[in-house]
Amino acid sequence: MAAYVIERCVFQSDVTPVTLGLSALVGLLPDLDGLVMMAVDRRRGLKRKLRHHEFPTHTPLLYLVLTLVLGLIAPPKAAILFGVLTLGHLFLDSWGTDDGIMWLWPLSRRQFSLFPRRLHAGGAYGLRFYRRHVRCWRVMVPEVLLLVSGSLLALHALTVF
Ligand SMILES: [Zn+2]
(Lines give C-alpha, C1' and ligand atoms only; values in the text may rest on other atoms or scores of the structure.)
Protein backbone atom coordinates (compact mmCIF):
# COMPACT_ATOMS: atom_id res chain seq x y z
CA MET A 1 0.00 0.00 0.00
CA ALA A 2 2.76 2.46 0.96
CA ALA A 3 4.67 1.54 -2.20
CA TYR A 4 1.58 2.16 -4.32
CA VAL A 5 0.97 5.59 -2.79
CA ILE A 6 4.62 6.60 -3.16
CA GLU A 7 4.85 5.35 -6.75
CA ARG A 8 1.63 7.06 -7.83
CA CYS A 9 1.70 10.26 -5.76
CA VAL A 10 5.40 11.03 -5.31
CA PHE A 11 7.06 9.49 -8.37
CA GLN A 12 3.93 9.72 -10.53
CA SER A 13 4.70 6.42 -12.21
CA ASP A 14 2.74 3.25 -12.86
CA VAL A 15 2.77 0.49 -10.29
CA THR A 16 3.64 -2.91 -11.67
CA PRO A 17 3.02 -6.30 -10.08
CA VAL A 18 6.81 -6.66 -9.76
CA THR A 19 7.00 -3.38 -7.82
CA LEU A 20 4.23 -4.53 -5.49
CA GLY A 21 5.78 -7.97 -4.99
CA LEU A 22 9.25 -6.57 -4.26
CA SER A 23 7.72 -3.96 -1.97
CA ALA A 24 5.92 -6.65 0.00
CA LEU A 25 9.21 -8.54 0.43
CA VAL A 26 11.08 -5.39 1.50
CA GLY A 27 8.27 -4.56 3.93
CA LEU A 28 8.74 -7.96 5.55
CA LEU A 29 12.56 -7.81 5.51
CA PRO A 30 12.96 -6.79 9.19
CA ASP A 31 11.19 -10.01 10.27
CA LEU A 32 13.92 -12.23 8.81
CA ASP A 33 15.50 -12.14 12.27
CA GLY A 34 12.30 -13.63 13.69
CA LEU A 35 12.33 -16.47 11.17
CA VAL A 36 15.93 -17.29 12.05
CA MET A 37 15.11 -17.16 15.76
CA MET A 38 12.06 -19.43 15.34
CA ALA A 39 14.15 -21.96 13.41
CA VAL A 40 16.82 -21.95 16.13
CA ASP A 41 14.19 -22.32 18.88
CA ARG A 42 12.47 -25.16 17.01
CA ARG A 43 15.78 -26.94 16.54
CA ARG A 44 16.46 -26.63 20.29
CA GLY A 45 12.89 -27.68 21.16
CA LEU A 46 12.15 -24.33 22.84
CA LYS A 47 8.69 -22.76 22.96
CA ARG A 48 8.96 -19.18 24.13
CA LYS A 49 8.27 -15.56 23.32
CA LEU A 50 9.80 -14.40 20.06
CA ARG A 51 12.27 -11.74 21.19
CA HIS A 52 13.42 -10.42 17.82
CA HIS A 53 12.30 -6.87 18.68
CA GLU A 54 15.24 -6.82 21.11
CA PHE A 55 17.78 -7.17 18.29
CA PRO A 56 19.55 -4.34 16.43
CA THR A 57 18.03 -5.90 13.28
CA HIS A 58 14.73 -4.33 14.35
CA THR A 59 15.97 -0.77 14.85
CA PRO A 60 15.44 2.40 12.79
CA LEU A 61 19.16 3.22 12.78
CA LEU A 62 19.98 0.03 10.87
CA TYR A 63 17.38 0.74 8.18
CA LEU A 64 18.33 4.42 7.93
CA VAL A 65 21.95 3.39 7.30
CA LEU A 66 20.89 0.72 4.80
CA THR A 67 18.68 3.29 3.05
CA LEU A 68 21.61 5.71 2.75
CA VAL A 69 23.90 2.95 1.43
CA LEU A 70 21.23 1.86 -1.04
CA GLY A 71 20.90 5.50 -2.12
CA LEU A 72 24.59 5.46 -3.07
CA ILE A 73 24.38 2.36 -5.25
CA ALA A 74 20.79 2.32 -6.53
CA PRO A 75 18.33 4.86 -7.95
CA PRO A 76 17.03 7.27 -5.30
CA LYS A 77 13.51 5.99 -5.92
CA ALA A 78 14.50 2.49 -4.77
CA ALA A 79 16.23 3.86 -1.68
CA ILE A 80 13.21 5.98 -0.72
CA LEU A 81 10.86 3.03 -1.13
CA PHE A 82 13.20 0.81 0.91
CA GLY A 83 13.37 3.38 3.73
CA VAL A 84 9.62 4.00 3.87
CA LEU A 85 8.72 0.31 3.76
CA THR A 86 11.21 -0.86 6.38
CA LEU A 87 10.55 2.05 8.74
CA GLY A 88 6.81 1.53 8.21
CA HIS A 89 7.31 -2.07 9.32
CA LEU A 90 9.01 -0.88 12.52
CA PHE A 91 6.17 1.57 13.17
CA LEU A 92 3.63 -1.24 12.87
CA ASP A 93 5.76 -3.38 15.21
CA SER A 94 5.26 -0.65 17.79
CA TRP A 95 1.49 -0.52 17.34
CA GLY A 96 -0.45 -2.46 19.97
CA THR A 97 2.32 -4.94 20.70
CA ASP A 98 3.56 -5.89 24.14
CA ASP A 99 7.18 -4.97 23.57
CA GLY A 100 7.58 -2.51 20.68
CA ILE A 101 11.00 -1.85 19.25
CA MET A 102 14.16 -0.02 20.35
CA TRP A 103 13.57 3.31 18.62
CA LEU A 104 16.57 4.95 20.34
CA TRP A 105 19.11 2.13 19.86
CA PRO A 106 22.14 2.32 20.35
CA LEU A 107 21.55 5.14 22.87
CA SER A 108 19.01 3.03 24.75
CA ARG A 109 17.74 -0.54 24.61
CA ARG A 110 14.32 0.50 25.94
CA GLN A 111 11.50 -0.69 23.71
CA PHE A 112 8.58 1.60 22.91
CA SER A 113 5.07 0.49 22.06
CA LEU A 114 1.95 2.52 21.35
CA PHE A 115 -0.98 0.99 23.24
CA PRO A 116 1.13 -1.70 24.98
CA ARG A 117 -0.69 -4.92 25.83
CA ARG A 118 0.27 -8.06 27.75
CA LEU A 119 -0.02 -10.38 24.77
CA HIS A 120 2.12 -13.20 26.15
CA ALA A 121 0.40 -13.35 29.54
CA GLY A 122 -0.36 -16.91 30.58
CA GLY A 123 2.21 -18.31 28.16
CA ALA A 124 0.54 -17.36 24.87
CA TYR A 125 2.92 -18.06 21.99
CA GLY A 126 2.62 -18.83 18.29
CA LEU A 127 -0.93 -18.97 16.91
CA ARG A 128 -2.50 -18.33 20.32
CA PHE A 129 -0.41 -15.15 20.60
CA TYR A 130 -1.45 -13.93 17.12
CA ARG A 131 -5.14 -14.63 17.81
CA ARG A 132 -4.90 -12.57 20.97
CA HIS A 133 -2.98 -9.86 19.09
CA VAL A 134 -5.57 -9.33 16.32
CA ARG A 135 -8.66 -9.58 18.55
CA CYS A 136 -8.12 -5.99 19.68
CA TRP A 137 -9.87 -3.34 17.57
CA ARG A 138 -6.76 -1.10 17.61
CA VAL A 139 -4.92 -3.88 15.82
CA MET A 140 -7.72 -5.54 13.87
CA VAL A 141 -8.96 -2.37 12.13
CA PRO A 142 -5.55 -1.34 10.73
CA GLU A 143 -4.67 -4.96 9.89
CA VAL A 144 -7.92 -5.51 7.96
CA LEU A 145 -7.60 -2.14 6.21
CA LEU A 146 -4.02 -2.89 5.17
CA LEU A 147 -4.91 -6.40 4.03
CA VAL A 148 -7.97 -5.33 2.01
CA SER A 149 -6.31 -2.27 0.47
CA GLY A 150 -3.15 -4.23 -0.35
CA SER A 151 -5.20 -7.01 -1.96
CA LEU A 152 -7.23 -4.54 -4.00
CA LEU A 153 -4.07 -2.74 -5.16
CA ALA A 154 -2.46 -6.05 -6.12
CA LEU A 155 -5.59 -7.02 -8.03
CA HIS A 156 -5.66 -3.64 -9.75
CA ALA A 157 -1.98 -3.89 -10.72
CA LEU A 158 -2.46 -7.42 -12.06
CA THR A 159 -5.45 -6.43 -14.19
CA VAL A 160 -3.82 -3.26 -15.56
CA PHE A 161 -0.60 -4.99 -16.67
ZN1 LIG B 1 8.86 -6.94 12.67
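1. Let's start with Leu90, which sits in helix H5. A helix here is a DSSP run of H or I with at least four residues, a strand is a run of E with at least two, and both are numbered from the N terminus. Leu90 counts as partly exposed because it has 19 C-beta neighbours inside 10 Å. For the cut-offs: 20 or more other C-beta atoms within 10 Å of a residue's own makes it buried, 12 or fewer makes it exposed, and anything in between is partly exposed, with C-beta atoms placed from the backbone.

2. Before going on, a word about what you're looking at. This is a predicted model, where local features need pLDDT of at least 70, side-chain atom pairs count only at pLDDT 80 or more, and totals for chains, interfaces and linings use all residues. Residues are numbered from 1 along each chain as its sequence is written.

3. How confident is the predictor? pLDDT is its confidence in each residue, from 0 to 100. The protein chain averages 86, and 98% of the residues score at least 70. Confidence is lowest in helix H1 (residues 2–10), with a mean of 71, and highest in helix H4 (residues 60–73), at 97.

4. Now the overall picture. The protein chain has seven helices and zero strands, so its pattern along the sequence reads α-α-α-α-α-α-α. Along its principal axes, the C-alpha trace spans about 50 × 35 × 30 Å. Of the 161 residues, 16% count as buried. Among contacts with a separation of 6 or more, 47% are between residues 24 or more positions apart. Two residues are in contact if their C-beta atoms, placed from the backbone, lie within 7 Å.

5. Setting aside neighbours within four places in sequence, Leu90 is in contact with Pro30, His58, Pro60 and Ile101. Leu90 and Gly27 are 63 residues apart in sequence, yet their C-alpha atoms are 9.4 Å apart in space.

6. How do H4 and H5 pack? The axes of H4 and H5 (residues 76–93) come within 8 Å and cross at roughly 170°, which means that H4 is roughly antiparallel to H5. Axes are lines fitted to C-alpha atoms, for helices over the stretch in contact, and angles run from 0 to 180 degrees between N-to-C directions. Under 35 degrees counts as roughly parallel, over 145 as roughly antiparallel, 65 to 115 as roughly perpendicular, and the rest as oblique.

7. Who makes that contact? From H4 come Pro60, Tyr63, Thr67, Leu70 and Gly71, while H5 supplies Pro76, Ala78, Ala79, Phe82, Gly83, Thr86, Leu87 and Leu90. By class, the contact of H4 with H5 has nine nonpolar, four polar and no charged residues. Here Ala, Val, Leu, Ile, Met, Phe, Trp, Tyr, Cys and Pro count as nonpolar, Asp, Glu, Lys and Arg as charged, and the others, Gly among them, as polar.

8. H5 has another partner to look at. The axes of helix H2 (residues 17–28) and H5 come within 8 Å and cross at roughly 45°, so H2 is oblique to H5. On the H2 side, Ser23, Val26 and Gly27 make the contact, and on the H5 side Leu81, Phe82, Leu85, Thr86, Gly88 and His89 do. That contact divides into four nonpolar, five polar and no charged residues.

9. Ile80 is also in helix H5. Ile80 counts as partly exposed because it has 16 C-beta neighbours inside 10 Å. Ile80 and Arg48 are 32 residues apart in sequence and 36 Å apart in space, C-alpha to C-alpha.

10. Next, the loop between H5 and helix H6 (126–134), where Pro106 lies. A cis peptide bond joins Trp105 and Pro106, with omega at about 10°. Ala124 is found in the loop between H5 and H6 too, and Ala124 is partly exposed, with 17 other C-beta atoms within 10 Å. Not counting residues up to four places away in sequence, Ala124 touches Leu119, Phe129 and Arg132. Ala124 and Lys47 are 77 residues apart in sequence but 10.0 Å apart in space, C-alpha to C-alpha.

11. Finally, Leu158 is in helix H7 (residues 137–160). Buried or exposed? Leu158 counts as exposed, because it has 11 C-beta neighbours inside 10 Å. Leu158 and Asp93 are 65 residues apart in sequence and 29 Å apart in space, C-alpha to C-alpha.

Technical notes. pLDDT is the predictor's confidence in each residue, from 0 to 100.
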